[in-house]
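The following paragraphs lead the reader through a structure, strand by strand and then across its chains. Please keep the sequence and the model in view while reading.

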Amino acid sequence: MSKFRKKQGGETPAISTASLPDIVFMLLFFFMVTTVMREITLKVENAKPFATEIKKLERKSLVTYIYVGKPKAAYLSQVGAEPRIQLNDAFARVKELQQFVITEREAINEAERPLMTVSIKADGQVKMGLVTDIKQELRKANSLKINYSTRKGDVYED
Amino acid sequence: MAKRALPEINAGSMADIAFLLLIFFLVTTTMDVDSGITRKLPPWTPPEEMPDTPPVKKKNIFTVLVNSSNQLLVEEDYMDIRDLRDATKQFLNNNGDGSCTYCQGAAKSIASSDNPQKAIVSLQNDRGTSYKMYIAVQNELAAAYNELREELAQRRYGKTFDDLSVEEQNEIKDAYPQVISEAEPVSLG
């Protein structure tokens with residue numbers, strides 16, 4: 001009889017939370033490994049066009065970014081409404097591009113310099129005149145691998 | 001010496017600390033992968049040092065012009081962007097001189113390209129063309145090449161292009177070499 005009596009006084013046992021830190025740490029490590037810190041604050045509008053024939057950019061450390069687009073509303077009074085180039089955290093002129101690319105290339109390990117890619121992140125509304133000027137400067141700087149950054153999607157949509 | 005038992009460290013708040021860090025990384029993380037259309041620019045040569053290029057037969061050139069109102073002129077005809085992919089495929093796969101043994105469904109028109117090796121796509125845009133349109137055109141041209149390569153890969157190996165080995169991929173690429181020549185933009189108006 002005593003065997004049965006034991007059970008009656010029992011409350012529901014508290015769920016052990018001892019493994020909770022382990023679970024949280026697991027998630028934490030996942031995010032720590034996958035995270036890419038936003039390095040710059042965008043000062044230009046950047047609605048990238050859509051494309052289907054795209055390739056993923058590997059080796060982020062070998063990629064240099066050039067942002068092109070209309071300045072955001074907060075900067076309109078300073079730089080006007082015409083599309084501008086943004087390098088790192090500042091607006092730049094086309095003339096400064098060559099120097100920028102060369103400096104970026106110097107920062108890369110010598111063996112990997114030929115693999116450097118310049119990613120042009122331009123807004124869909126930007127005119128080709130500006131993009132062409134950028135391409136010419138890149139050619140002069142002898143940085144020939146480029147990537148037109150796009151989103152995956154249908155190209156026909158307006 | 002009496003050995004004192006070390007007091008146990010309370011690990012109850014460890015979860016809280018981990019949560020704090022977790023939330024920080026959750027907020028700062030950006031999951032978007034960078035992707036886009038990869039192109040190789042020609043090396044810079046000053047205009048006065050331009051080498052004389054051997055002449056290319058006009059029928060081997062597929063001219064695509066884009067004006068500042070984002071309209072397409074393909075082989076001197078107005079064309080909608082939706083038709084560009086098929087028109088490009090037809091041009092590349094024309095096999096005018098009959099030397100291309102793997103071109104299936106070739107039109108063999110004398111007014112179009114001799115074979116895929118000789119076919120050149122020439123793209124010229126206006127300074128006023130929108131970047132969006134330019135990307136759309138580049139995308140369609142690349143898609144035409146990719147589709148032809150994919151079809152050949154299926155016929156030859158029964159596999160998709162991505163599943164082939166590097167040598168096989170190169171062989172397919174040589175069968176349909178991607179030659180897109182970009183002229184410097186002008187003001188076509």
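In chain A, strands E6(A) and E7(A) run parallel and are joined by three bridges; two strands count as paired if DSSP finds at least two bridges between them. Helices (H or I, at least four residues) and strands (E, at least two) are DSSP runs, numbered from the N terminus. Within this pair, A:Val118 stands opposite A:Ile146 in E7(A). From E6(A) the chain crosses through H5(A) to E7(A), in a β-α-β crossover that is right-handed: with the strands pointing away from the viewer, the path from the first strand over the helix to the second runs clockwise.

This is a predicted model, in which local features need pLDDT of at least 70 and side-chain atom pairs count only at pLDDT 80 or more, while totals for chains, interfaces and linings use all residues. Residues are numbered from 1 along each chain as its sequence is written, and chains are lettered from A and ligands numbered from 1 in the order in which they are written.

E6(A) has a further partner: strand E3 (residues 63-69) of chain A pairs with E6(A) in the parallel sense over six bridges. There, A:Val63 stands opposite A:Thr117 in E6(A). Because six of the six residues of E6(A) are buried, this strand is largely enclosed by the rest of the structure. A residue is buried if 20 or more other C-beta atoms, placed from the backbone, lie within 10 Å of its own. Both faces of E6(A) are covered, with A:Thr117, A:Ser119 and A:Lys121 buried on one side and A:Val118, A:Ile120 and A:Ala122 buried on the other.

Chain A as a whole comes to five helices and eight strands. Of its 158 residues, 27% are buried.

The contact between the chains takes 47 residues from chain A and 42 residues from chain B; two residues are in contact if their C-beta atoms, placed from the backbone, lie within 7 Å. On the side of chain A that touches chain B, the largest share, nine residues, comes from H2(A). A strand pairing also links the chains: E2(A) and strand E1 (residues 35-40) of chain B pair in the antiparallel sense over two bridges, with A:Lys55 opposite B:Gly36 in E1(B).

In chain B, strand E2 (residues 61-66) pairs with strand E5 (residues 120-125) in the parallel sense over six bridges, and B:Val64 stands opposite B:Leu123 in E5(B). E2(B) also pairs with strand E3 (residues 72-74) of chain B, in the antiparallel sense over three bridges.

Definitions and conventions
A residue is buried if 20 or more other C-beta atoms lie within 10 Å of its own, exposed if 12 or fewer, and partly exposed in between; C-beta atoms are placed from the backbone.
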